[in-house]
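Subject: Structure for your records

Hello,

My notes on it come after.

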Amino acid sequence: MRVLQTHNLSDSRSERARAIAAAGGIDRALDAGSLPRRVDVTLSEAVVLGLLRQSVRTFLCVLGHGSTEIGEVLRVYEQAGLLRTCGVRHEVEAAHAATALRWVTGEKAAVVTSIGPGALHALAGSLASASDGIGVWHLYGDETSQDEGPNMQQIPKHEQQLYLRLCSVLGDAYCLHTPEALGTALRRGLNTVEHPHRAGPFYLLLPLNTQPRMLRQFNLEELPAGAPPRLGAAAGGDVYRQAAAALRAAQRVVVKVGGGARGAGNELLEFLELVDGVAVTSPLVSGVIPYEHPRNMTVGGSKGSISGNYAMEEADLLVAIGTRFVCQSDCSRTGYPRVQHVVNINTDLYAATHYGKTIALLGDAAPTLQRLIEELKRHGATTSAASEWFGLCREQRQSWEEFKAARYRTPCLYDEVWGEKVLTQPAAIKTATDWARAHDAVTFFDAGDVQANGFQIVEDDRLGRTFTETGASYMGFAVSALLATGLASQPFYGLALSGDGSFSMNPQILIDGVAHGARGCIVLLDNRRMGAISGLQEAQYGAAHATNDRVAVDYVAWARAVKGVAAFDGGRSLESLTAALEAAYAHHGLSLIHVPVYYGPDPLGGMGVFGRWNVGSWVDATQALRHEIGL
Ligand SMILES: Cc1ncc(C[n+]2csc(CCOP(=O)(O)OP(=O)(O)O)c2C)c(N)n1
Ligand SMILES: [Mg+2]
């Protein structure tokens, strides 16, 4: 009897899936009448139908006893060609890959896990999408709603909804304890994942016992569609007049460009001219204005640049656009010691009013900038002639270029651990990113020195070349992101620049990348340690501790152990690295290049540190300065 029922269920399920596929989507099938408005479906199938209606067609899974029913729905719908399921080997990797897919291509994805440890892994991984504002669905198995006794793998406490509480701390979450609440749950998720200004992960918790519950005569029109609208330009006339007056009176304008300014590149260029300002860009929006632009001072902050930090130190007015002042970017609130006025454009009230002395423009970057530009012109602003401020900033930018060139002129240094001369990270990263630009490859950066050196080095002429996960700086993000190259409907070539520490966090990509058709290359910069932290320890306390080991690892053999991965030795010179990149590119799949790199005190081995940071032994001085500035 039970077997029969399951068969009937799967027959009607596959008929539905085929009808949707034949019509070209749920809405068309409903319009054509090939899909009835009211259907008998399990909650799991209704969830998948709801996600399909929102164009979520990629499901990254590590299934378990907590998600077999949804797995079965995915099997049937995949057979009909409606979606793609990718079983992977780690939930953190799944979360990163889904984030990368959305970030690079705009395509949506869902992470599906079991209850317990799998869900916790995925939740941890979602810190990246939460920090960088990327919309990703997370579907986790959850404890049963009838509470018959402890479920295996639930949090071992006699309390309700512990996973819901955990997830709700990190983002928006909903537990489908009552299947009929599905429409509301999916609308909340849609608003989070499609949020026009600050999207993030949405956690849909699926109790083990409600997943297979039958929804009789469920009305498919209850499944929500349609993304929430954008905020538009900041309202009001007074704030624009005040901002324009402050800008006209200022002598030294710095414009901090954050992730929220992603779509405002053209407005920014005009604005910079009108206010005689210079830009300091967040690594998140590398290329929002071209690297070569004379008013681009590049990155600033505690891992900034000579020019970016000069502009921050000397400015008397700060225009902050779509930025949330993470410690590294504003030197833990000491980044703008001379600023007398802040004009802050942001869609988030808290970010918009972060500093004192602020004129807050609560709105979308591009249309708000347009209105501010009009207001400035009404105040008589014209394209500025060469000013003293601009000249001084140009000189600093020149110094930064010379500083960089000196490093590129010395690509190899003797390294104690390797016992020979090896490439430096700056030289290897410069070569790899120039190569990526020439080959239209998308570059991902993993955490650590690799990431900091990376955003100091890249010379992006447009957005979309570099993706550096600076929000959470999650080790293993870049290598996992390569999975997105195999998932995207328009495939692209990815280059993941990763440290030995970061790669070791998520080596599953070697297997999953082959399984799901990734096309890209891991450039593994091996300094035999977690160099960024050793460096901090040495700078703060004079000695490194517990940030390296003595274990030699043959990464080329490790990669070659997986059939389908091509692995190369990047060698000890820029020529050998370039040759390895070409060889990797010729391989139609995933590859890995192992590059031994220098770690040590020689300043030519790194890109320098320029600002202040409220960590370790620097805390007292940084905090004292912050309060002295009082911004
Ligand atoms: C998952 C995770 N754990 C810990 C950290 C803290 N952390 C930041 S950088 C870093 C070391 C990175 O080492 P590696 O990837 O080898 O890069 P390197 O600094 O040596 O270039 C650590 C431990 C982190 N960012 N992410
Ligand atoms: Mg390392």
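The model is a predicted one.

Overall fold

The protein chain has 26 helices and 21 strands. Its C-alpha atoms occupy a box of roughly 85 × 65 × 50 Å along the principal axes. The radius of gyration is 26 Å, which agrees with the value near 25 Å that a compact globule of 631 residues would have. Of these 631 residues, 56% count as buried. Among contacts with a separation of 6 or more, 76% are between residues 24 or more positions apart. The accessible surface amounts to about 24,800 Å², and carbon and sulfur atoms contribute 52% of that.

Charges and salt bridges

There are 55 positive and 64 negative charges in the chain, and their mean positions lie 3 Å apart. Side chains of opposite charge can pair when their charged atoms come close. The structure holds 29 salt bridges, and three of them are described here, starting with arginine 465 and aspartate 461.

- Arginine 465 and aspartate 461 have their closest N and O atoms 2.6 Å apart. Arginine 465 is buried, at 10% relative accessible area, whereas aspartate 461 is partly exposed at 41%.
- Arginine 437 pairs with aspartate 434 at 3.0 Å between the closest N and O atoms. The two residues are 3 apart in helix α17 (residues 425-438), so about one helical turn separates them. Arginine 437 is partly exposed at 22%, and aspartate 434 is likewise partly exposed at 26%.
- Arginine 13 and glutamate 69 form a salt bridge with an N to O distance of 3.0 Å. This pair links distant parts of the chain, with arginine 13 in helix α1 (residues 2-23) and glutamate 69 in helix α4 (residues 68-79), 56 residues apart. Arginine 13 counts as buried because its relative accessibility is 2%, under the 20% cut-off. Glutamate 69 is also buried, at 15%.

Shared partners join some salt bridges into one network, made up of Arg13, Arg16, Glu45 and Glu69.

Arginine 529

Arginine 529 sits in the loop between β19 (520-526) and α23 (531-541). Leaving aside residues up to four places away in sequence, arginine 529 touches Asp500, Ser534, Ala544, Thr547, Asn548 and Tyr599.

Regards

Note on methods: Residues numbered from 1 in each chain as written. Chains lettered and ligands numbered in written order. Predicted model: local features only at pLDDT ≥ 70, side-chain atom pairs only at ≥ 80, totals over all residues. Heavy atoms only, no water. Helix = DSSP H or I, 4+ residues; strand = E, 2+ residues; numbered from the N terminus. Rg over C-alpha atoms; globule rule 2.2 N^0.38 Å. Buried < 20%, exposed > 50% of the residue type's maximum accessible area, 1.4 Å probe, protein only. Contact = heavy atoms within 4.5 Å. Areas by Shrake-Rupley, 256 points an atom, 1.4 Å probe, with all protein chains shown as cover. Lys, Arg positive; Asp, Glu negative; His and termini not counted. Charge placed at Lys NZ, Arg CZ, Asp CG, Glu CD. Salt bridge = Lys/Arg side-chain N within 4 Å of Asp/Glu carboxyl O.
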